[in-house]
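Let's take a walk through a protein model together, one piece at a time.

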Amino acid sequence: MKVFKFGGASVKDATGVKNLSSIVHQQQGQLIVVVSAMGKTTNLLETLCNAYFHQDPQATAIMKELKNFHLDIVNTLFPLNDSVYKHLEELFTSLENILSSESSLCYDYEYDRIISFGELISTTIISDYLNMEGIENQFIDIRKFLKTDQNYRNANIDLELSEQLCKDAFDFNTSSLFVTQGFIAGTRTNQTTTLGREGSDYTAALLANLLNAEDVTIWKDVPGVMNADPKEYENAQVISRMSYKEAIELSHFGAKVIHPKTIKPIQNKQIPLYVKSFLHPEYKGTVIQEIDEHLTLPPIYINKENQCLLTLTPRDFSFIAEEKLSHIFAVLAKYKLKLNLMQNSAISFSFCVDGNSAVFNEFLDQLREEFEVRYNQNVKLITIRHYNEDIIREIIGDTPSLVEQRSRTTAQFVLRNHASQ
Ligand SMILES: Nc1ncnc2c1ncn2[C@@H]1O[C@H](COP(=O)(O)OP(=O)(O)O)[C@@H](O)[C@H]1O
Ligand SMILES: N[C@@H](CC(=O)OP(=O)(O)O)C(=O)O
């Protein structure tokens, strides 16, 4: 059995759905197709959720935009009397019922039940389209089988329970093709949860792990994992082979092409992961797998924008030692902020976190109770794996860095953004 994952970019319009259908059609044997919300639907649903939660009348207009976007795609793909319209209407009505009811006080809970409609709608359209094209498939509502705790917006999988439920649900004696949602899941009591933004890659990896897939293919709008984001660096080259370790490091440092949680489930079962172009399925793409021999990789360049560089100094001039550090880490954990770089001296601790967190001001207030806090907002963190001096010169030039760090394989630079200078 294989797992294919199609992201929002690959199913952003009717052509994308037809393209998915042609890729799936060429596939022989048992297959699970994991799909994300179409195009930028998740972002739109985030604005809908905010409007709903804050009782903003804009919600009606956003709901209309959501419907029109999907109906435009469906109108291009299906005849007018197709049952897909009824299926979509049911989903739109469920969402409108949520919007017309009073919200609970828990934003994250409301977020997950609203945001999940992106994937429910896309998979409904895709499953119906494949069936219409004669590619018989079974639609699975993954929320019933991929079980998590109640950590809404970044839920943790109950692997044991999910394995048992998924093995029953994905019964290849009943169908050789299943279509299901990435990114969303459910609690034991059937509340909807999500796995963290861009988490559909992770769903594909989890299903592959739980069901012992032969391999996983993530279909992207790029020809594979490249040595830089091709949108930022026109000479970017595809890397044809890469170890799990390299891939997890790249995604950790912010290469957006693979979600960071994707690698562990496939590495644990030694399942190869292919990253391929949905526009050119004939290209080889990248394979990520266990690689014993030493691979010489080109310099790989990752740019993480919108970072905040903070420097903390204890108010009483005491050392930044274990106790202080553990307090800082506890505050970071409390606000669910991920450290992207850190550096300390006798009485200061500097670190980068994503600067667009909604809890950022609260986080600062708590740190200020004990530390003097200085920070630079909107800086960028540049990571160069397998660096050499030439590439550092090419990428960084003589731009002064706010912080610089080098290990044997990785060089990192925190730079001011030109726009914010
Ligand atoms: N090293 C890299 N190699 C390839 N693509 C990259 C890299 N770093 C960032 N990207 C970006 O990742 C995008 C694909 O990921 P993403 O947008 O999450 O796809 P999807 O939403 O379809 O899953 C590409 O369009 C590309 O701009
Ligand atoms: N739709 C979700 C999940 C996801 O993984 O999307 P994509 O595969 O398009 O990155 C999001 O945008 O966060």
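Start with helix α8 (residues 200–210), which lies across β1, β2 and β8 and runs at about 175 degrees to β1. Helices (H or I, at least four residues) and strands (E, at least two) are DSSP runs, numbered from the N terminus. Axes are lines fitted to C-alpha atoms, for helices over the stretch in contact, and angles run from 0 to 180 degrees between N-to-C directions. Contact between two residues means that their C-beta atoms, placed from the backbone, lie within 7 Å.

You're looking at a predicted model: local features need pLDDT of at least 70, side-chain atom pairs count only at pLDDT 80 or more, and totals for chains, interfaces and linings use all residues. Residues are numbered from 1 along each chain as its sequence is written, while chains are lettered from A and ligands numbered from 1 in the order in which they are written.

Strands of a sheet pair through backbone hydrogen bonds, either parallel or antiparallel. Here, two strands count as paired if DSSP finds at least two bridges between them. What is the order of the strands in the open sheet of eight? Reading across, you get β3-β5-β2-β1-β8-β10-β11-β9, with mixed pairing. β3 (138–140) and β9 (241–243) stand at the edges with a single partner strand each, so one side of each has no neighbour in the sheet. On average, and ignoring direction, neighbouring strands of this sheet are turned by 20 degrees against each other.

Let's zoom in on some of those pairings. Strand β1 (residues 2–6) pairs with strand β2 (residues 31–35) in the parallel sense over five bridges, and Phe4 stands opposite Val33 in β2. β1 also pairs with β8, again in the parallel sense and over five bridges; there, Val3 has Val216 as its bridge partner. Moving on, five bridges join β8 to strand β10 (residues 273–277), and these two run parallel. Lys220 has Ser277 in β10 as its bridge partner.

Is strand β8 mostly covered or mostly exposed? Strand β8 (residues 215–220) is mostly covered, with five of its six residues buried. "Buried" means that 20 or more other C-beta atoms lie within 10 Å of a residue's own, "exposed" means 12 or fewer, and "partly exposed" is in between, with C-beta atoms placed from the backbone. In the loop between α8 and β8 you'll find Asn212, which is exposed, with 11 other C-beta atoms within 10 Å. Its phi is near 55 degrees, a positive value in a residue other than glycine.

Phe183 also has a positive phi, near 75 degrees. Phe183 sits in the loop between β5 (177–181) and β6 (184–187), and it counts as buried because it has 28 C-beta neighbours inside 10 Å.

Phe183 also takes us to the ligands. It is one of the residues that surround ligand 2, as are Gly7, Thr42 and Arg197. (A residue is near a molecule or strand if its C-beta atom, placed from the backbone, lies within 6 Å of it.) The shell around ligand 2 has two nonpolar, eight polar and two charged residues. Ala, Val, Leu, Ile, Met, Phe, Trp, Tyr, Cys and Pro count as nonpolar, Asp, Glu, Lys and Arg as charged, and the others, Gly among them, as polar. Around ligand 1 there are 17 residues, and the closest are Gly7, Ala9, Met226, Asp229 and Val257. That shell divides into seven nonpolar, four polar and six charged.

Finally, turn to the other sheet. This open sheet of six strands has the order β13-β14-β12-β15-β17-β16, with antiparallel pairing. Its edge strands, β13 (341–344) and β16 (401–406), each pair on one side only. Inside it, strand β12 (residues 300–314) and strand β15 (residues 371–385) pair in the antiparallel sense over 12 bridges, with Thr313 opposite Glu372 in β15. Look for Phe351 in strand β14 (residues 349–354): Phe351 is buried, with 21 other C-beta atoms within 10 Å.
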